[in-house]
Amino acid sequence: MGKVVMYSSVSVDGFVADENDQPGPLFDWLSSGDVPLDESGELKVSQTSYDYTRPYWDQIGVTIVGRHVFDMTDGWDGKPPGGIDHVVVVSHRPMPEGWDPEAPFHFVDGVEAAMAKAQELAGDRTVEVAAGDVGGQVLAAGLIDEVRMDVVPVVFGSGKRYFGSVHAQHLLEDPDVVIQGNRVLHLRYRVRR
């Protein structure tokens, strides 16, 4: 079984989007360099960010997201983002009407069911959990092994929190990765058990 990683770009004050669900400059670092991060050529980062991000992306087998993110992105038109094999969507609603049942998206009710499905699909590859409300629920359930943040130098003041509505204390180890890229600081923490 692969490790479970909570991940997102985040503002310095801990938000993954503003009050209107807009990421603002949080993804600007993905176009701040000259090294293509994927085959599309649209994402270009610094060599430092590439050396950190590309190997991580290559390890991801499944991403878990909430229905809100799925709806906001229109399900990425049925193609998982970043070349990921499968997306597990936590939702109390069924898949949208007319949704292609062959698309590699799996709708489940609750974070425990999402994790079980994701680990089944990922095998020994990484299960990525999108930060936000669902990520916070997975952390609160004790199912996260590692927290990765791409900290962007912006202060939102309010918005959608990286850890969602987690209200209990969770201890992380000291960061074992701290890498400065162009307009981003890549951090990685292991969750203390």
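Reply: Helices (H or I, at least four residues) and strands (E, at least two) are DSSP runs, numbered from the N terminus. The model is predicted, so local features need pLDDT of at least 70 and side-chain atom pairs count only at pLDDT 80 or more, while totals for chains, interfaces and linings use all residues. Residues are numbered from 1 along each chain as its sequence is written, and side-chain values use heavy atoms, with hydrogens and water left out.

Me: In which loop is Arg183 found?
Reply: Phi of Arg183 is near 65 degrees, a positive value in a residue other than glycine. Its relative accessible area is 53%, so Arg183 is exposed; exposed means over 50%, buried under 20% and partly exposed in between, with a 1.4 Å probe and protein chains only. The hairpin it belongs to has 2 residues between the strands. Arg183 is found in the loop between β11 and β12.

Me: How many bridges join β11 to β12?
Reply: Two strands pair if DSSP finds at least two bridges between them. Strand β11 (residues 177–181) and strand β12 (residues 184–190) run antiparallel, and Gln180 has Leu185 as its bridge partner in β12. The number of bridges joining the two strands is 5.

Me: In what order do the strands of the open sheet lie?
Reply: Strands of a sheet pair through backbone hydrogen bonds, either parallel or antiparallel. This open sheet has 8 strands with mixed pairing. Its edge strands, β7 (105–108) and β11, each pair on one side only. The order is β7-β6-β5-β8-β1-β9-β12-β11.

Me: By what angle are neighbouring strands of this sheet turned against each other on average?
Reply: Axes are lines fitted to C-alpha atoms, for helices over the stretch in contact, and angles run from 0 to 180 degrees between N-to-C directions. For this sheet's average, direction is ignored. The value is 20 degrees.

Me: What is the bridge partner of Tyr7 in β8?
Reply: Tyr7 is in strand β1 (residues 4–11). β1 and β8 pair in the parallel sense over 4 bridges. In β8, Tyr7 is partnered by Ala130.

Me: Why does the ring pair of Tyr7 and Tyr56 count as tilted?
Reply: Rings of Phe, Tyr and Trp (its six-membered ring) pair if their centres lie within 6.5 Å; planes under 30 degrees apart count as stacked, over 60 as edge-to-face and the rest as tilted. The structure holds 8 aromatic pairs. The centres of Tyr7 and Tyr56 are 5.4 Å apart, and the pair is tilted because the planes stand at 55 degrees.

Me: How many residues apart are Tyr7 and Tyr56?
Reply: Both Tyr7 and Tyr56 are buried. The pair links distant parts of the chain, with Tyr56 in helix α1 (residues 47–59). The separation is 49 residues.

Me: Which residues do ring pairs link into a cluster?
Reply: Trp99 and Phe107 form an edge-to-face pair, 6.5 Å centre to centre with 85 degrees between the planes. Trp99 has a relative accessibility of 15%, so it counts as buried. The cluster consists of Phe70, Trp76, Trp99, Phe105 and Phe107.

Me: Which residues of β7 point the other way from Phe105 and Phe107?
Reply: In a regular strand the side chains alternate between the two faces of the sheet. Phe105 and Phe107 point one way from β7, and these two and the residues pointing the other way are all buried. The residues asked for are His106 and Val108.

Me: How much space lies in the largest pocket?
Reply: On a 1 Å grid over the protein atoms alone, a cavity is a set of points where a 1.4 Å probe fits but cannot get out, and a pocket is an open set with protein on both sides within 12 Å along at least five of seven lines; lining residues have an atom within 4 Å of a point. Grid points are joined across faces, edges and corners, and a volume is the space filled by probe spheres set on the points. For the largest pocket this is about 1,400 Å³.

Me: Which lining residues lie nearest the centre of the largest pocket?
Reply: The lining has 45 residues: 20 nonpolar, 17 polar and 8 charged. Here Ala, Val, Leu, Ile, Met, Phe, Trp, Tyr, Cys and Pro count as nonpolar, Asp, Glu, Lys and Arg as charged, and the others, Gly among them, as polar. Elements that each supply at least two lining residues include β1, α2 (67–72) and β8 (126–130). Nearest the centre lie Ser8, Phe27, Val69, Trp76 and Ala130.

Me: Is Asp74 buried or exposed?
Reply: Asp74 is found in the loop between α2 and β6 (86–90). Its phi is near 55 degrees, a positive value in a residue other than glycine. At 56% relative accessibility, Asp74 counts as exposed.
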